[in-house]
Amino acid sequence: MEYIHAKYDYIPGAPRERAEKYGPVVRMNAFHRISVLIVSPEGVKEFLMSPQHPKDPIVYGTLFSLFGERFIGNGLVTVCNHEHWRKQRRIMDPAFSRSYLIGLMETFNEKAEELMEKLEEKADGKTEFSMLSMMSRVTMDIIGKVAFGLELNALRDDQTPLPNAVTKVMEGLNKARVPFLRFMPGKQKLVKEVRESVRLLRRVAKECIDRRREAIQNGKEATMDILTQILKGAALEETRDDENILDNFITFFVAGHETSANQMTFTVMALGQHPEILERAQAEVDEVLGAKRDVDYEDLGKLTYLSQILKESLRLYPPVSGTLRRLEKELVINDITIPANTTVFVSPIHHQQLLAAPVNPNLNTYIMGRMEKFFKDPLTFDPDRFSKDAPKPYYCYFPFSLGPRSCIGQVFAQMEVKVVMAKLLQRFEFQLVPGQSFKLLEAGTLRPLDGVICKLKPRISARGCKA
Ligand code: HEM
């Protein structure tokens, strides 16, 4: 143990101190493990762009199972072996091609419209509700439908089993970081519920896959959705590994909904705190959509200020707070030698507001998106940083990660989020209920601790568009 510390002692660092003070390479001590945090563009480029540095199997391996139940196993997010990953990714790519995504606009609109109907019921200027909960329900319905052809009805019915199981599993993921929680007497109920929820998810996945296989066998044309791609991938393998298919089903389910929900909720929070930005966004939406019900694909490109807002929201509040790599051979970065076999953490943020959280010490408390060096006046929410003429950030802004292991769902997510946000801005005035902390919670994903409690009123715009 001492040896481990001695081996890294020359790298500047102190847990939870600011990377600005120590960067560009910072040592972090977490229990007996030491990781190195990278906060320089050179380091980010080296670790994210090169396939030479695999994801860290020690860290990603912890997601293989949850309280002893296989969870996301070797799915696309957690698989660390480069060859295994490359094969899976190549097969999945067509389900995220532009032409396929354009075809999803109808579902994005349909589900977003259902959300608007639910919100209308609450829009009396008095009813208080958690925006995060509503956003999670709409993104869950969307991913269920477009990825797997499932109608989950999370928006219509809050008792429906699958969404509840997902919520439980997310809670379990968060709690599982407490060492030995699985064996604590007071936690047995939670552990049991989480394990049952994981089993339910995998069972539903199995049924869904069997139905689809049967349909394909009966000559029914398969929709080109995520599930079809997962099955195609599996068909190419020499040995059929149904467990790996289930891993990917759950991977897409989990990766594909909470992140987008968090982004939308943080954006509502930021807009509620900046009325002048909100007004400009509403004016743009009125200009582009007017009183039209649905958002067309062509409209997305015209909503440029909304795009800037969404990018700025991801800068300050990136739902995924970083990524981990395994450095296999010694490497010199910014004149600092990092020893072989080190876990390297690359993160776009500094969780300065992360005060309420049961923080995983392996996750960082450090900046890039929030460093003065990279962004002037970094804690100010200013969408103009991303205006057309502004200089492009250089390896210091990467909410979807970068390089080969970057998010496959980036374009999907930004289309989905824009449709929902555009409709919300078109239809409602919203107010943040006072007394909330607006703290961030690092719980697997980065999310608003209080869920962003809002009140709504229907909006009557200058063009007479009424909710
Ligand atoms: C705002 C929304 C989203 C954000 C901020 C986000 C962010 C990220 C980040 C940072 C990674 C890299 C993770 C790592 O290195 O461990 C990632 C990977 C991934 N994301 Fe997303 N994501 C979002 C939405 C989505 C959606 C909608 C889907 C699916 C429909 C998705 C599917 C995936 C998958 C499968 C990977 C693994 C890719 C690979 O390694 O090949 N994500 N995402």
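I started at the iron atom of the ligand. Its single donor from the protein is Cys407 (SG), 2.3 Å away. Donors here are N, O and S atoms within 2.8 Å of the metal (3.2 Å for Na, K and Ca), and water is not among the atoms, so the site may look incomplete.

I noted the ground rules. This is a predicted model, where local features need pLDDT of at least 70, side-chain atom pairs count only at pLDDT 80 or more, and totals for chains, interfaces and linings use all residues. Residues are numbered from 1 along each chain as its sequence is written, and side-chain values use heavy atoms, with hydrogens and water left out.

I placed Cys407 next. Cys407 sits in the loop between strand E9 (342–346) and helix H17. Helices (H or I, at least four residues) and strands (E, at least two) are DSSP runs, numbered from the N terminus.

I then looked around the ligand. There are 28 residues around the ligand, and Tyr60, Trp85, Arg89, Thr323 and Cys407 come nearest. A residue counts as near if one of its heavy atoms lies within 4 Å. Helices H5 (82–92), H12 (242–255), H13 (258–273) and H17 (410–427) each give at least two residues to this shell.

I checked ligand oxygen atoms. A polar side-chain atom of Thr323 lies 2.5 Å from one. For Arg89, the distance is 2.7 Å.

Last, I took helix H3 (residues 41–49). Its buried residues (under 20% relative accessible area, 1.4 Å probe, protein chains only) are Pro41, Gly43, Val44, Phe47 and Leu48. They fall within an arc of 155 degrees seen down the axis, so they line one face of H3. The arc uses directions from the helix axis to the C-beta atoms.

Technical notes:
A polar contact is a pair of N or O atoms within 3.5 Å; within protein, one must be able to donate a hydrogen and the other to accept it, and residues adjacent in sequence count only if both atoms are side-chain atoms. Buried means under 20% relative accessible area, exposed over 50%, partly exposed in between (1.4 Å probe, protein chains only).
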